[in-house]
There are 2 protein chains.
Amino acid sequence: MNPYCVAIDWGTSSFRIWLMSGDGSALAERRSDEGMTHAATTGFSKVMEAHLQALQAPASLPVVICGMAGSRQGWTEARYLTVPAKLCDIVEKAVRVEGAQRDVRILPGLAQRDPERFDVMRGEETQLLGEFAGDQSSGLACMPGTHSKWVRIAAGRVTEFSTYMTGELFGLIARQSILRHAVGNIDTCDPGSAAFLGAVKEARDNPAGVSRLLFSIRAGQLLNGQDAASSYERLSGLLIGWEIAAARAEFGTGDKIHLVASGKLFRLYDAAFRSLGLKVPAIDADDAVLKGLMAGAQQFWPIPDHHTDYGHINA
Amino acid sequence: MNPYCVAIDWGTSSFRIWLMSGDGSALAERRSDEGMTHAATTGFSKVMEAHLQALQAPASLPVVICGMAGSRQGWTEARYLTVPAKLCDIVEKAVRVEGAQRDVRILPGLAQRDPERFDVMRGEETQLLGEFAGDQSSGLACMPGTHSKWVRIAAGRVTEFSTYMTGELFGLIARQSILRHAVGNIDTCDPGSAAFLGAVKEARDNPAGVSRLLFSIRAGQLLNGQDAASSYERLSGLLIGWEIAAARAEFGTGDKIHLVASGKLFRLYDAAFRSLGLKVPAIDADDAVLKGLMAGAQQFWPIPDHHTDYGHINA
């Protein structure tokens with residue numbers, strides 16, 4: 001099948017590229033750690049073209065990108081849309097990269113400019129575009145990650161959101177704080193473990209006390225010989241429970257929560273929500289970002305009915 | 001004046017040594033970064049004797065030590081006393097270093113063994129010994145640091161305590177998280193600044209939301225051009241406000257708080273407490289540790305009335 005376009009999710013430290021068919025299915029995929037930080041030195045075009053060559057993409061195949069490539073330090077700035085914002089407006093405000101060898105469009109992120117609640121996202125809005133752009137779409141999206149986002153959506157608009165530093169704090173604390181002695185070189189967390197689920201509940205019930213609960217992991221190792229695996233699980237549970245408690249306090253408990261995540265993070269948050277008695281339907285984050293990028297592509301490069309070779313687009 | 005003994009505060013990463021007179025005043029002082037981590041490799045005796053030589057200390061002068069030199073990874077383990085514990089028992093349970101060239105005693109730390117609240121301290125108990133050992137001493141001590149301690153004292157006993165990772169989290173977040181872009185290379189915080197005091201209040205009022213408030217520092221830089229100095233002040237204020245909120249929730253608001261701190265940390269916490277309307281008398285942490293070490297010394301090596309040359313002790 002001929003490819004229709006290329007989709008890229010370009011994060012701070014990660015790069016993912018897909019060769020897409022017109023029906024929204026991925027024909028091929030590549031991942032690397034050539035995120036924005038890397039590409040800002042190497043050159044965005046160079047990084048992208050090397051992958052496109054490896055994928056044997058035609059020279060005229062157009063590209064749609066979301067994420068940090070659109071930041072001020074990125075390839076071409078795609079300025080934030082201010083919330084409240086309709087998700088489909090992300091496509092309207094996409095920026096075309098000038099001087100590129102092919103048609104390259106970058107989707108903008110979202111900014112919350114209330115001085116009491118400054119916040120930004122780049123990348124997550126495209127996942128939301130894929131799933132919640134419809135006028136009937138409402139609810140609260142929990143999007144775990146280095147910087148977890150909780151996003152309120154009402155009738156296809158993002159009305160407000162908050163970022164929690166859960167993933168980044170986890171990495172720093174596990175690898176560089178005094179707790180590194182307690183967690184050793186463990187790097188997997190059993191989502192069903194008593195240590196993980198107990199810590200989720202502890203932090204949910206006492207989010208203010210998380211700084212003390214964190215230190216208790218080190219003390220538990222010294223005084224009680226707590227093993228590395230359960231120390232790691234406890235650390236993970238405390239930070240996830242803290243995030244859930246904070247978001248519940250901030251966004252209230254009236255909205256349906258949708259968990260937008262994949263892989264390990266999906267399994268951890270899903271287990272955490274279940275253990276707290278919350279029913280949270282899941283949306284695969286990888287699927288969502290592809291759907292969002294394709295929603296953009298189909299507006300930039302409309303596919304006439306019954307066309308399948310896309311030669312008209314890639315000419 | 002002849003020296004009476006040597007006092008050492010041996011932390012994880014810091015080393016302080018004083019040549020003491022029998023009346024409790026310091027005749028000379030040296031500081032270095034030869035903390036436990038360093039000394040565990042170089043050798044504790046070697047590090048100490050080099051400083052004693054520089055101080056021209058007599059070969060038989062005895063030494064009293066507090067801090068991490070008494071940990072399992074330290075020089076000689078001085079096992080934790082379990083709370084509740086009388087502060088003066090720290091002296092009773094001091095451990096003598098075997099095979100040392102002179103009389104060297106290490107004061108033990110304290111452990112809280114309640115499985116719901118595992119916690120440990122090494123060093124702070126000696127500051128408390130200097131100030132709160134009397135039967136009439138009661139209240140709550142706030143001891144800021146890498147791992148801040150809040151300690152409840154009743155009639156000369158430590159009844160309970162908690163450790164907050166404030167200082168360590170501050171360093172990791174300021175230097176290694178995404179917030180490093182917002183705080184740049186700033187390393188001083190004005191305790192009177194609106195950014196610092198505003199953040200103290202914000203975190204005190206919303207301790208659960210601190211993870212989100214932290215990220216808002218980065219967003220404030222991106223969206224509002226927030227400068228590095230106020231970003232740094234805001235980060236400091238959020239973490240200190242969070243600690244105060246957590247400790248107030250945990251220990252209640254009935255006890256008088258004593259701030260045991262020196263230098264920069266004293267100025268920041270003092271300003272924070274004042275801005276929250278809390279009257280918190282101050283105790284200099286450097287003075288307190290010397291008083292505690294001297295309280296130990298005077299029991300190990302009693303000074304007969306009217307003696308001033310201590311030859312009887314150092315013989």
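Trainee: How many residues of chain B are in contact with chain A?
Mentor: In this predicted model, 37 residues of chain B are in contact with 37 of chain A; contact means C-beta atoms, placed from the backbone, within 7 Å.

Trainee: Which element of chain B gives the most to that side?
Mentor: Helix 8 of chain B, with 10 residues. Helices (H or I, at least four residues) and strands (E, at least two) are DSSP runs, numbered from the N terminus.

Trainee: Ground rules for numbering and confidence?
Mentor: Residues count from 1 along each chain as its sequence is written, with chains lettered from A and ligands numbered from 1 in the order written. Local features need pLDDT of at least 70 and side-chain atom pairs 80 or more, while totals for chains, interfaces and linings use all residues.

Trainee: New topic: what order do the six strands of the open sheet in chain B take?
Mentor: 3-2-1-4-8-7, with mixed pairing; strands pair if DSSP finds at least two bridges between them.

Trainee: And which strands stand at the edges?
Mentor: Strand 3 (26–32) and strand 7 (95–96) of chain B; each has a single partner strand, so one side of each lacks a neighbour in the sheet.

Trainee: How do strand 4 and strand 8 of chain B pair?
Mentor: In the parallel sense, over three bridges. V63(B) has V104(B) in strand 8 of chain B as its bridge partner.

Trainee: Over to chain A: at what angle do the axes of helix 4 and helix 11 cross?
Mentor: Roughly 80°, coming within 7 Å. Axes are lines fitted to C-alpha atoms over the stretch in contact, with angles from 0 to 180 degrees between N-to-C directions.

Key
Two residues are in contact if their C-beta atoms, placed from the backbone, lie within 7 Å.
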